[in-house]
Structures are given as structure tokens and as C-alpha cells.
Amino acid sequence: MNPRAPVLQVRDLAVHFRVDTGSLFRHDYRVVRAVDNVSFDVHSAETLGVVGESGCGKSTLARAILGLVSAQGGSILWQGEDLVGLSEEALRLKRREIQLIFQDPSGSLDPRMTVGEIVAEPLKVFYPSMSRLQIRERVAGMMKMVGLSAEQINRYPHEFSGGQCQRIGIARALVVNPRLVVCDEPVSALDVSIQAQIVNLLKDLQKKLRLSLIFIAHDLSVVRHVSDRVLVMYLGRIMEVADRDSVYYHARHPYTRALIESVPIPDPVKERQRARRSLEGDIPSPLNPPSGCVFRTRCPYAIDACADRVPALETLEDGSQVACIRHEELAEQWKREADTDPTATETSS
Amino acid sequence: MALLEVRNLTVSFDTPDGTVHAVNGLSFDLDPGETLGLVGESGSGKTQTALAIMGLLAQNGRVSGSVVFRGQELLGMSPGELSRVRGSKISMIFQDPDSSLNPYLSIGDQLIEVLTHHRALRRREARARAIEMLGRVRLSDPEQRMRQYPHELSGGMCQRVMIAMALLCQPDLLIADEPTTALDVTVQSQINSLMGELSEKSSTAILLITHDLGVVAGLAHRVLVMYAGQEMEMAPVDDLFADPRHPYTEGLLNSVPRLDQVRSGILNAIPGNPPSLLELPTGCPFAGRCLYAWEQCRQLPEFEKIDEDRFKRCHLDALPTKRESA
């Protein structure tokens with residue numbers, strides 16, 4: 001197989017949920033398009049960062065890739081094979097290759113199992129013929145790899161701190177040698193000093209094991225640090241996909257720009273100089289998204305045409321993609337602004 | 001004179017597993033109009049400090065030391081006296097805006113109650129004041145919001161209502177416990193600008209509790225870094241970020257990935273985990289994770305003045321390394 005070929009190709013993926021809006025006497029429902037028309041690739045040994053605010057569909061996207069929610073449309077090609085419409089059993093076998101790391105480190109571990117049992121469980125499921133000794137060795141090796149000692153194998157999750165629990169979660173995901181690991185907010189529940197340990201561990205393991213990662217987070221600073229490419233979502237749709245440096249230096253979508261400008265920087269001098277243009281208002285209800293471009297109600301650059309139709313995700317010369325009908329003129333406008341107002345370039349200097 | 005003087009504050013909790021030592025001898029001052037950032041990781045005692053000041057500790061909490069607010073000792077005050085100060089002279093906003101509001105009362109009723117209770121205003125006057133305040137925190141359609149219930153508002157809107165409620169009586173001190181942690185970044189940025197504006201325009205002092213160094217950098221005048229219920233370092237905000245003097249502060253600043261910098265390769269994580277609050281080490285609580293710990297660290301260093309307005313609790317005279325980026 002061509003090593004440059006993407007391991008995962010998601011095309012026009014749609015995940016819709018029915019939400020009951022009826023009353024006791026009346027059946028009625030509406031459809032939430034949690035993920036709509038989403039297409040992207042993940043390459044071998046690459047980290048794709050997925051960012052967006054609550055309700056943007058990033059967790060639903062993760063669950064759809066793992067087959068934990070079913071897609072209403074589109075395809076998820078895993079090494080050429082479509083996972084959408086696969087039987088439960090066939091999908092279950094695929095999960096040896098695609099694993100998940102959860103947000104809540106202790107909540108995702110069974111409190112009545114020892115750490116050894118937790119890490120061994122995927123092996124028992126996917127390799128039923130493995131002997132107990134082999135399992136024991138593999139688990140001990142994995143524990144060591146994630147920075148836990150083999151003596152801790154008989155302890156229970158409550159005896160570990162949040163950071164250690166996340167290490168156990170990582171060991172459980174990696175013990176079956178997956179090719180792709182979907183990390184859903186893996187460090188957002190952790191304190192900064194511990195967060196750095198886990199980020200380092202993930203990066204290190206990715207390099208050693210040549211893993212592909214989908215790293216979902218709301219924290220742009222962390223995403224910038226771990227990702228090769230970044231995908232920005234808003235209300236179930238992709239706004240922009242680009243290499244991490246072009247996302248941060250030359251954001252093309254007004255939403256990406258707003259996100260970057262909103263992140264507080266741990267530097268009081270820079271914080272004071274920053275031109276902060278906060279977005280007005282809140283994220284609209286996903287039950288009732290705006291017509292046309294979903295971001296237009298909060299976009300400082302929206303024009304009448306934005307309401308007319310959903311902007312296509314356009315691929316540009318450098319390979320980045322953006323869904324905004326005004327991206328060309330805006331890029332020029334921002335460039336002019338950056339030339340005349342040095343403080344406005346804070347995000348792009 | 002300082003608005004708030006906290007001296008040797010300790011908070012502990014009796015639990016089935018033993019005594020949890022949440023705050024261990026904390027002292028600090030807060031001046032009128034000043035914003036002091038209280039920074040630390042989970043379990044560092046920042047929230048318990050706030051709750052102790054407000055007299056809101058859990059049933060099993062024990063508190064000692066002294067909290068003097070405008071010359072008046074708050075610890076040991078009768079509930080009646082305390083409730084005259086609380087909500088009127090000192091108010092607090094909490095991390096989770098939706099669950100801090102009463103789901104059974106309309107926004108208007110909750111705001112009006114504050115004024116009729118503390119200021120003995122008539123309902124009609126109170127209503128006018130409440131609407132004006134909702135406008136000041138830039139909530140759209142204040143009149144309509146007054147009739148709505150918390151579940152009808154988004155998280156960001158609820159937090160604006162909380163801020164409006166906290167400011168209704170023009171308190172001298174506002175305690176903000178992780179006011180934007182539960183919010184999305186774009187909304188967080190709106191609330192932070194609002195807080196910054198309010199602190200500039202009014203003379204309200206703010207005790208800002210947060211784990212987010214970025215938020216502190218944007219809002220605080222001075223910063224107190226806490227660890228295991230003790231002060232590690234206190235300094236004016238610019239000095240702390242440009243020139244941290246305590247190894248823990250340095251470690252924290254180095255471990256956060258920053259949006260404005262590419263940190264090549266690995267992050268400088270602080271190794272290990274915070275100590276258990278059930279069994280605190282006798283010496284410096286950070287020694288177990290400190291890169292520079294030596295024998296002397298088995299004795300607890302004093303929290304001492306090292307410069308104009310700067311304090312630290314560390315045996316080292318200076319940090320052996322300067323931060324990689326100045």
C-alpha cells in the first residue's frame with residue numbers, strides 16, 4: 001500500500017439525531033444535524049487536531065468514526081474499506097485498529113477491576129488465544145511504556161490520580177496495537193502540570209508506534225502543540241482545515257480567527273496589547289441553525305449572500321481548505337490591516 | 001488600609017479517611033479596587049480560601065486564623081451579621097453559572113430579591129435597578145430577560161446574570177471562582193473583557209480564582225500562586241510572568257503550551273503528582289516534584305519578602321535556570 005495514502009478518509013459524513021419536541025399528547029421531533037457534510041483525511045503517523053466549541057460536533061465525529069453512533073450518510077473509509085453500514089460484528093473487529101481515549105480519566109475505568117484487568121481486557125477480546133503468561137507480559141510492558149510501574153498492576157483505579165488514570169486509559173487503548181487512536185479531550189480534565197505529562201506521553205508513543213491520532217480538544221493551545229494539521233468545526237460543519245502553522249499564522253476563516261483571538265495568552269504584556277475583538281452573542285441552537293453559512297449570525301464579516309447557501313469547502317493552492325464565500329477578499333483585508341496596525345498582528349506575528 | 005486582610009488562615013475537613021488539610025496558614029492582603037489572582041491547581045486550596053472568607057465552608061470544615069474585612073473580623077461572626085456583609089459588601093460568582101441560579105425563580109425575581117433584602121428597596125425601584133444592571137453586563141433585551149428562567153439562557157448569559165447579581169449592591173469585594181472555566185472560548189473572552197471593564201470602572205476589588213494563567217495575565221494586578229494550601233509566590237502580574245522566582249511558578253509557566261509560541265518537541269512537564277492533603281510533607285510541599293530540591297527543603301521555608309511587593313516561599317536565593325524564553 002502507498003505509504004502516503006490516507007489511512008482514514010471521511011467523505012460527506014452526516015450524523016443526525018432525532019430530538020423529541022412533542023408533549024405528552026403529541027408526537028413531534030426535530031432533527032439535529034450534529035455532523036453534516038464533513039470530509040477529511042487522516043494520514044499515516046499524522047496528528048489531526050479537531051477544535052471547536054461545545055455543540056460543534058467534535059465528539060459526535062469521534063463516536064461516528066468508531067461506529068458508536070451510526071451515520072445517516074456519507075462514508076468512512078478505513079484503509080479503503082467503508083465502515084458505514086458494516087455489521088456490528090465486523091465493526092467490532094475493526095476497533096482493534098481504531099481505539100479511543102476518553103475525556104474523563106477515572107470515569108472511563110471500571111472501579112471494580114484492577115488496573116491489570118482493565119489493560120488486559122482488550123487483549124482477551126481481540127486475541128482469545130493468547131495465553132495468560134503472554135497477556136501478563138504484554139500488560140506489564142504496556143504499563144511500563146505509559147510510565148506506570150508493573151507493581152501497580154493489582155491496584156484499583158481509585159488509588160490513582162487523574163493523570164495516572166489517563167495513563168491507564170492510554171495503555172488500554174494501545175495494548176492491541178491500533179493504527180489510529182481517537183483522543184476525545186484527553187487532557188482537558190487534568191491540571192496544567194499533569195496535562196503536559198500526558199501530552200508528552202502521547203507524542204512520544206505516537207512517534208514510537210507510528211500511530212495516527214485524531215486529537216479532539218477545545219483548547220487551541222494544546223491542539224497547536226500536538227497537531228500536524230488542524231480541522232476547525234462549528235455547529236456540525238467544517239469551517240477550515242489547514243496545516244497547524246497556517247491555521248495559526250494565516251487563519252482564513254473568520255471563525256478560526258475569532259477563536260484564536262479569544263484564547264488568553266499567559267503573558268500580561270501581550271494581553272494588554274492585543275486587539276481583542278470578541279465575537280458577539282452565543283452559539284445558536286443546533287436545533288435551529290442559521291440558513292446558509294452557520295457562522296453568519298456571529299460573523300463580523302457576514303453579508304446578505306452568506307444567508308443564501310451553505311458555502312462549499314474550497315481547496316486552496318497550498319492544500320488548505322476553507323468554507324467561506326468571502327475568504328479571498330478577507331485575506332487581503334487582513335493583510336492590509338496587519339501591515340498598517342502592528343498590534344493587530346499579534347496572532348499572526 | 002487594606003480592604004481584606006487574611007492572616008494565617010487554615011481550613012481543614014474531618015473525613016472518614018482522616019483530616020484533609022486544604023488551606024495551611026495562608027496570609028494575604030487585598031487593596032480596594034485591586035484584582036488579585038489566586039492561581040493553583042486542583043487541591044491547592046483556592047476555592048476553600050474563598051469559601052472560608054464567605055463563611056460558606058461545608059459542615060465538616062474547620063477554620064482558624066483571621067479574615068478582616070474593612071476592619072471587621074469575619075471568622076466567628078454570627079450568621080445574621082455575616083449575611084448582612086455577604087451579598088451586599090462581598091459577593092461571589094461561581095464556576096458553574098447554570099446551577100448557581102435558582103431554576104424555580106425568574107431572573108427578575110432573583111435579582112430583585114437581592115435589592116429588597118439588602119437595600120430595602122421597593123419592588124418597583126429594585127426592578128428598575130435590576131434592568132439597568134442587566135444592561136450594564138450587556139445582556140440583550142434586559143426587560144425580556146427579567147421574565148425568563150435560567151434554563152432559557154445559555155451558559156454565557158447565565159454568567160452575565162450572575163455577575164449582574166453580584167454587582168447589584170455595589171460590593172467592595174467580588175470573589176470570582178473560576179468565572180469562565182465552564183464557558184466556551186469565544187464566550188470566555190466576552191466575560192473576561194466584561195470583568196476587566198467592570199474592575200476598571202468601579203472601585204470593586206476582585207479576588208480572581210483560576211487555574212488558567214492566560215486569564216490571570218489578562219485581568220489580575222497581582223498574583224498569588226498557591227500549592228497544597230500554602231502561598232508559594234506573590235508578585236505584581238508583570239513581574240511574576242517575566243521573572244518567576246519560585247520553582248513551582250517557573251514549572252507552571254513552562255508546562256503550558258502557548259498559542260503564541262511553537263514549543264518544539266516536548267513540554268516541560270512538572271514530574272510527579274501533588275502531595276496528598278491527608279498527609280502533608282513536613283518540609284516544603286513542592287519539594288517532592290521540585291527540580292532543585294535539596295536537603296534544606298525538608299524544613300518548611302518562610303514566606304518572605306524578597307523585593308518590593310514580591311514574596312516567595314523557597315530556600316533558594318535565585319532559580320538556577322532562567323526561563324528559555326524571556
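Two strands pair if DSSP finds at least two bridges between them. Strands (E, at least two residues) and helices (H or I, at least four) are DSSP runs, numbered from the N terminus. This is a predicted model, where local features need pLDDT of at least 70, side-chain atom pairs count only at pLDDT 80 or more, and totals for chains, interfaces and linings use all residues. Residues are numbered from 1 along each chain as its sequence is written, with chains lettered from A and ligands numbered from 1 in the order in which they are written.

**Stop 1: the sheet of chain B**

Select strand E1 (residues 4-15) of chain B and E2(B). They run antiparallel, joined by 10 bridges. Pick Leu4(B): its bridge partner in E2(B) is Leu30(B). A contact here means C-beta atoms, placed from the backbone, within 7 Å.

Show the whole sheet. It is open, with 4 antiparallel strands in the order E2-E1-E4-E5. Strand E2 (18-30) and strand E5 (72-73) of chain B stand at the edges; each has a single partner strand, so one side of each lacks a neighbour in the sheet.

**Stop 2: a helix in chain B**

Select helix H8 (residues 185-201) of chain B. Its 17 residues reach 24 Å from first C-alpha to last, close to the expected 24 Å. The expected span is 1.5 Å times one less than the number of residues.

Which residues of H8(B) are buried? Among them are Val185(B), Ile191(B), Met195(B) and Ser199(B). Buried means 20 or more other C-beta atoms within 10 Å of a residue's own; exposed means 12 or fewer, and partly exposed lies in between, with C-beta atoms placed from the backbone. The buried residues of H8(B) pack against several elements, including helix H9 (254-262) of chain A and helix H7 (155-167) of chain B.

**Stop 3: chain A**

Select strand E1 (residues 8-20) of chain A. It runs antiparallel to strand E2 (residues 29-42) of chain A, with 10 bridges. Asp20(A) has Tyr29(A) as its bridge partner. E1(A) also pairs with strand E4 (residues 73-78) of chain A, antiparallel over 5 bridges. There, Arg11(A) stands opposite Ser75(A).

Zoom out. Chain A has 11 helices and 12 strands. Of its 349 residues, 43% count as buried.

Technical notes. Contact = placed C-beta atoms within 7 Å.
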